[in-house]
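Thank you all for making time this morning. Please take a moment with the sequence and the picture, and then I will walk through them with you slowly.

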Amino acid sequence: MEKQAAFIWPIRVYYEDTDAGGIVYYANYLKFLERARTEWLRSLGIEQDTWLEQGIGFVVRSVQLNLFLPARFNDELHVTVVVEQLKRASVLFSQQVLASDGTVLCQAEIKAACVNLKHNGGVKAIPMPQEILEGLKRAS
């Protein structure tokens with residue numbers, strides 16, 4: 001797969017994102033990454049709430065998170081999204097959280113799977129609907 005240009009989403013660090021020392025609590029990086037993926041999908045015309053009404057969603061299957069430098073209260077950050085691998089029922093993302101000067105604060109690889117949320121007996125992995133798959137292919 002040819003390397004795509006990264007989607008970039010700006011985020012401001014709020015007080016609620018930090019610990020007592022004013023440093024972003026590690027789990028909140030996952031929230032920042034999720035927000036960027038959601039906005040990336042929205043930019044492609046893929047509205048998750050529309051698919052959720054049909055019982056189709058994405059769940060995170062695995063996360064590899066590397067924290068290099070801390071983000072702090074009131075920092076302006078940029079969160080990137082790049083598709084590394086697209087399969088029929090899953091997508092592997094490479095994401096970074098960058099300081100406003102471009103310094104990499106956090107690097108992550110996240111694998112998400114498409115699921116049927118209304119499956120009898122729980123959640124079941126399924127192939128992505130063609131409309132979603134085509135949208136992701138065009139952006140990749």
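Predicted model: local features only at pLDDT ≥ 70, side-chain atom pairs only at ≥ 80, totals over all residues.

Let us begin with V59, which counts as partly exposed at 30% relative accessibility, where buried means under 20% relative accessible area, exposed means over 50%, and partly exposed lies in between, with a 1.4 Å probe and protein chains only. V59 sits in strand β2, which covers residues 56-67; helices (H or I, at least four residues) and strands (E, at least two) are DSSP runs, numbered from the N terminus. Together with L52, L117 and V123, V59 forms a nonpolar patch on the surface, and the accessible area of these residues together is about 310 Å². Patches are made of residues with over 30% relative accessible area and no salt bridge, with like charges joined within 9 Å and nonpolar side chains (Val, Leu, Ile, Met, Phe, Trp, Tyr) within 5 Å. The areas themselves come from the Shrake-Rupley method with a 1.4 Å probe, and for residues only the protein chains shown count as cover.

Residues are numbered from 1 along each chain as its sequence is written, and side-chain values use heavy atoms, with hydrogens and water left out.

Also in strand β2 is Q64, a partly exposed residue with a relative accessible area of 46%. Setting aside residues up to four places away in sequence, Q64 touches Q107, A108 and E109, where contact means heavy atoms within 4.5 Å. The C-alpha atoms of Q64 and K111 are separated by 9.1 Å, although these residues are 47 apart along the chain. For another pair, look at N120 and I23, which are 97 residues apart along the chain and have C-alpha atoms separated by 43 Å. N120 belongs to the loop between β5 and β6 (124-125), and N120 is exposed, with a relative accessible area of 70%.

Which residues touch the most other members of the largest nonpolar core? They are W40 and L136, in a core of 35 residues, and the elements that give two or more residues to this core are β1 (7-12), α1 (26-43), β3 (76-86), β4 (90-99), β5 (104-116) and α3 (130-139). A nonpolar core is a set of buried Ala, Val, Leu, Ile, Met, Phe, Trp, Tyr and Cys residues joined through side-chain atoms within 4.5 Å. Beyond its neighbours up to four places away in sequence, L136 touches W40, L41, L44, I46, L86 and M128. As background, in soluble globular proteins nonpolar side chains tend to be buried together.

In α1, the buried residues are N28, Y29, F32, L33, A36, R37, E39, W40 and L41. N28 has a relative accessible area of 7%, and, leaving aside neighbours within four places in sequence, N28 is in contact with E16, D17 and T18. Just after α1, G45 takes a positive phi of about 85°.

How many salt bridges are there? The count comes to four, a salt bridge being a side-chain nitrogen of Lys or Arg within 4 Å of a carboxyl oxygen of Asp or Glu. Side chains of opposite charge can pair when their charged atoms come close. One of these bridges joins E76 and R12, at 3.1 Å from N to O, and this pair links distant parts of the chain, with E76 in strand β3 and R12 in strand β1, 64 residues apart. Another joins R37 and E34, at 2.5 Å from N to O, and both lie in helix α1, three residues apart, about one turn of the helix. In that pair R37 is buried, with a relative accessible area of 7%, whereas E34 is partly exposed, at 36%. R42 and E47 also meet in a salt bridge, at 3.3 Å from N to O, and salt bridges that share partners join E39, R42 and E47 into one network.
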